[in-house]
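Okay, thanks for coming, everyone.

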Amino acid sequence: MKTGKTLVQLAQELTRIKETAKDYVVPVEKLKAVVKFDNDGEKPRESVALEFVNGHTNTLGLTNWSSGQLATFTDIPKQYFDRIKTENPSLAVKNINHGLERSSNDSRMIRTLDGNVRGLLSSKYRILDSYDMLETILPVASDQGLEVVSSEITDKRLFIKLLSPKLITEVKKGDAVQYGLTISTSDVGAGSVRVEPLIYRLVCSNGMISNTAIRKYHVGRSQSENDVFEILSDKTKEISDAAFWMQVKDIVLASLKTENFEKQVDRLRLAAEMPIKNFDLPEVVELTMRATGLTGENKKNSILAALASGNEGAGLTQWGLVNSFTRAAQGDEFDYETSIEMERAAGQIIELPRKDWARIADAVTA
């Protein structure tokens with residue numbers, strides 16, 4: 001798996017974000033898109049920025065994530081917006097401002113960092129930040145003897161991967177796996193807190209984010225919760241937030257029970273005995289990607305290369321196919337978010353309905 005940041009680097013970055021990030025609730029009528037000129041190259045580069053006055057004029061760039069949020073809010077098709085914001089920033093600005101005019105009686109929460117909009121959210125958005133999640137998780141990790149083996153902060157989410165030195169066994173002789181958790185959250189509206197089982201194959205350092213045995217827990221923020229939260233007193237909000245993080249702690253502890261690991265490994269042992277009889281390996285990979293919702297020619301090629309290599313003895317089996325996805329996920333050509341996506345797809349392979357697996361493994365399609 002990708003290592004990302006060390007725990008020290010993660011803590012330092014989250015502390016920096018906590019100390020320097022700023023949030024504003026701004027009436028939409030005071031927002032406007034502008035063309036920003038960056039002069040850090042040989043010639044000025046144009047980009048789309050969001051501007052509002054709050055005592056002074058704030059002109060803020062957009063991340064990939066907040067660009068998508070702005071496109072959604074202003075009813076601009078994302079694929080079209082991604083193209084014009086680079087090819088014709090002036091046209092993108094015109095489209096955005098037209099969309100903002102249609103929503104001028106609304107307000108938005110603008111979450112900012114390092115001169116950029118990192119999140120464009122409902123004005124009622126309940127803030128449950130990554131810094132607070134780290135403060136919740138680290139004492140649990142210490143008490144349980146867990147090791148933080150990977151972590152990263154992307155435009156969208158924080159990810160922390162932890163492994164338990166107590167939970168190690170073999171899928172088959174000489175093929176050991178270790179149990180842990182992938183825990184993630186978002187400061188910018190990219191989904192709720194997720195606690196997901198993690199299976200780490202020791203022979204090749206691959207990590208599969210599992211979809212089996214225990215459910216993936218989403219500790220959420222629905223719009224109705226945000227509406228209620230808006231009217232609470234500050235003291236009640238503080239108590240509510242503390243209760244939320246206690247709930248996350250309880251879910252993490254429950255997810256680490258030995259029986260959950262045993263259920264995971266039982267499924268993997270079965271997968272190691274399920275051969276792939278379809279020797280058209282490109283088709284095997286294509287069908288599996290389709291079944292798990294994964295797309296991309298570069299992903300397909302990396303997975304195919306891993307499958308053809310035998311995956312450190314996993315062979316042409318369902319277990320080998322799982323490890324082809326996780327092995328490919330380590331590639332330098334994939335960012336951390338994409339790697340997580342591929343590891344989750346690997347977990348879905350174990351959960352495929354029997355008829356879907358038969359279509360992949362047994363016969364070449366016409």
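Let's start with helix α1, residues 7–20, and helix α5, residues 130–144: their axes come within 9 Å and cross at roughly 140°. That makes α1 oblique to α5; angles under 35 degrees count as roughly parallel, over 145 as roughly antiparallel, 65 to 115 as roughly perpendicular, and the rest as oblique. The axes are lines fitted to C-alpha atoms, for helices over the stretch in contact, with angles running from 0 to 180 degrees between N-to-C directions. The crossing of α1 and α5 is left-handed, as the near helix is turned anticlockwise from the far one by less than a right angle, while clockwise would be right-handed.

Who touches whom here? On the α1 side we have Leu7, Leu10, Ala11, Leu14, Thr15 and Lys18, and on the α5 side Ser130, Tyr131, Leu134 and Leu138. Contact means heavy atoms within 4.5 Å. By class, the contact of α1 with α5 has seven nonpolar, two polar and one charged residues. For the classes, Ala, Val, Leu, Ile, Met, Phe, Trp, Tyr, Cys and Pro count as nonpolar, Asp, Glu, Lys and Arg as charged, and the others, Gly among them, as polar.

A quick word on what you're looking at. This is a predicted model, where local features need pLDDT of at least 70 and side-chain atom pairs count only at pLDDT 80 or more, though totals for chains, interfaces and linings use all residues. Residues are numbered from 1 along each chain as its sequence is written, and side-chain values use heavy atoms, with hydrogens and water left out. Helices (H or I, at least four residues) and strands (E, at least two) are DSSP runs, numbered from the N terminus.

Next pair: helix α3, residues 78–87, and helix α4, residues 89–102. Their axes come within 5 Å and cross at roughly 130°, which makes α3 oblique to α4. From α3, Tyr80, Phe81, Ile84, Lys85, Thr86 and Glu87 meet Pro89, Leu91, Ala92, Asn95 and Ile96 in α4. That contact of α3 with α4 divides into seven nonpolar, two polar and two charged residues.

On its other pairing, α3 comes up against helix α2, residues 64–73, with axes within 10 Å and a crossing of roughly 120°. That makes α2 oblique to α3, and this crossing is right-handed. Asn64, Ser67, Gly68 and Ala71 of α2 make the contact with Lys78, Phe81 and Lys85 of α3.

How many cavities of 30 Å³ or more does the structure hold? One. On a 1 Å grid over the protein atoms alone, a cavity is a set of points where a 1.4 Å probe fits but cannot get out, and a pocket is an open set with protein on both sides within 12 Å along at least five of seven lines; lining residues have an atom within 4 Å of a point. Grid points are joined across faces, edges and corners, and a volume is the space filled by probe spheres set on the points.

The largest cavity holds about 40 Å³. Its lining includes Tyr200, Arg201, Met208 and Trp319, and α11 gives the largest share, four residues.

Last one: the second largest pocket has about 270 Å³ of space. Of its 18 lining residues, Leu113, Arg118, Ile153, Thr154 and Asp155 are the closest to its centre.
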